[in-house]
Amino acid sequence: IIECNQDLISKVTKFGRPKELFLTIGGDFANSDNAKLTTTNGTPQDSLPSHTLIQVKAAMIIVKIIDMWRQVCDVVRLVPTGGNHDKDFSVSQFLFASAWFKDCDDVITFFDDENQTLAGRQYRVFGSNLLAFAHGDGAKIKNMPAIIANEARELWGQTKHTTVLTGHHHYRISQDLFGMQHIQVPSLALDDRWSYSKGFQN
């Protein structure tokens, strides 16, 4: 993930200094959610080493990624996006990163916005663009235009373009849905025993 961020930074900075980066925290960053090494709903996972060490390493990786982007962006905005594997883990990682960077003017954290929530769908505006962030395991994508228009009615009315970004399914999709752009980002996860047995390719 560090190498991929370095690669993105080298590509993006060719066009100048970005004004803002929306950095999602969560979204199955960890394969398991607890010390029993199960998902949020209790499905056992192949997770090594201990959950405690996974938490510590994940937190330090997230801090490193945020620091990398702070060097090249005016503002880094943290966006909570819990996954179906790590809903509780995601909250703790998001709050940790928010606390770590709470005194940094160039990082917008949980503590900088009184309207900030930990809801499963997050909405942000950049210029004339409404950005919706969701893991992708909840509402059906085909229903997202109506859901966003209802849940983010005021923001929807203030913007011209809407993009929803999801993950969950580990492969890339880019499609138009009634004037809304949907981008499903692929996974950087290595194959585990289960995904290998299913023949999934990351």
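What percentage of the 202 residues of the protein count as buried? In this predicted model, 39% of the residues fall into that class. The accessible surface of the protein comes to about 12000 Å², and carbon and sulfur atoms account for 55% of that area.

The protein contains six helices and eight strands. Read from the N terminus, these elements follow the order α-β-α-β-α-β-β-β-α-α-β-β-β-α. The radius of gyration is 17 Å, close to the 17 Å that the globule rule gives for 202 residues, so the protein is as compact as a globular protein of that length. Along the principal axes, the C-alpha atoms fill a box of roughly 45 × 40 × 35 Å. When contacts between residues at least 6 apart in sequence are considered, 64% of them join residues at least 24 apart.

Five of the strands form an open sheet with the order β4-β5-β6-β8-β7 and mixed pairing. Strands β4 (121–126) and β7 (173–177) stand at the edges of this sheet; each has a single partner strand, so one side of each is left without a neighbour in the sheet. From one strand to the next, the twist averages 20 degrees. In general, the strands of a sheet pair through backbone hydrogen bonds, in either a parallel or an antiparallel manner. The pairing of β4 with β5 (residues 129–134) is antiparallel and comprises six bridges. Within this pair, Tyr123 has Ala132 of β5 as its bridge partner.

Helix α4 (residues 144–151) lies across β4, β5, β6 (161–166), β7 and β8 (180–184). The helix runs at about 75 degrees to β4. Which residues of α4 are buried? They are Met144, Pro145 and Ile148. These residues cover an arc of only 100 degrees around the axis, which puts them on the same side of α4. As a general rule, an α-helix has 3.6 residues a turn, so residues three or four places apart point the same way. The buried residues of α4 pack against strands β4, β5, β6, β7 and β8, and also against helix α5 (153–158).

Elsewhere in the protein, His51 belongs to helix α2 (residues 51–70). With a relative accessibility of 8%, His51 counts as buried, because the cut-off for that class is under 20%. Leaving aside residues up to four places away in sequence, His51 touches Ser32, Asp33, Asn34, Ala35, Leu37 and Phe89.

Most residues other than glycine have a negative phi. His168, located in the loop between β6 and β7, has a phi near 65 degrees, a positive value in a residue other than glycine. Phe178 is found in the loop between β7 and β8 and has a positive phi of about 50 degrees, although it is not a glycine. Are these residues buried or exposed? His168 is partly exposed, with a relative accessible area of 23%, whereas Phe178 counts as exposed at 79% relative accessibility.

Note on methods: Residues are numbered from 1 along each chain as its sequence is written. This is a predicted model: local features need pLDDT of at least 70, side-chain atom pairs count only at pLDDT 80 or more; totals for chains, interfaces and linings use all residues. Side-chain values use heavy atoms; hydrogens and water are left out. Two strands pair if DSSP finds at least two bridges between them. Helices (H or I, at least four residues) and strands (E, at least two) are DSSP runs, numbered from the N terminus. Axes are lines fitted to C-alpha atoms, for helices over the stretch in contact, and angles run from 0 to 180 degrees between N-to-C directions. Contact means heavy atoms within 4.5 Å. Buried means under 20% relative accessible area, exposed over 50%, partly exposed in between (1.4 Å probe, protein chains only). The radius of gyration is taken over C-alpha atoms; the globule rule is 2.2 Å times the number of residues to the power 0.38. Accessible areas come from the Shrake-Rupley method with a 1.4 Å probe; for residues, only the protein chains shown count as cover. The arc is that of the directions from the helix axis to the C-beta atoms.
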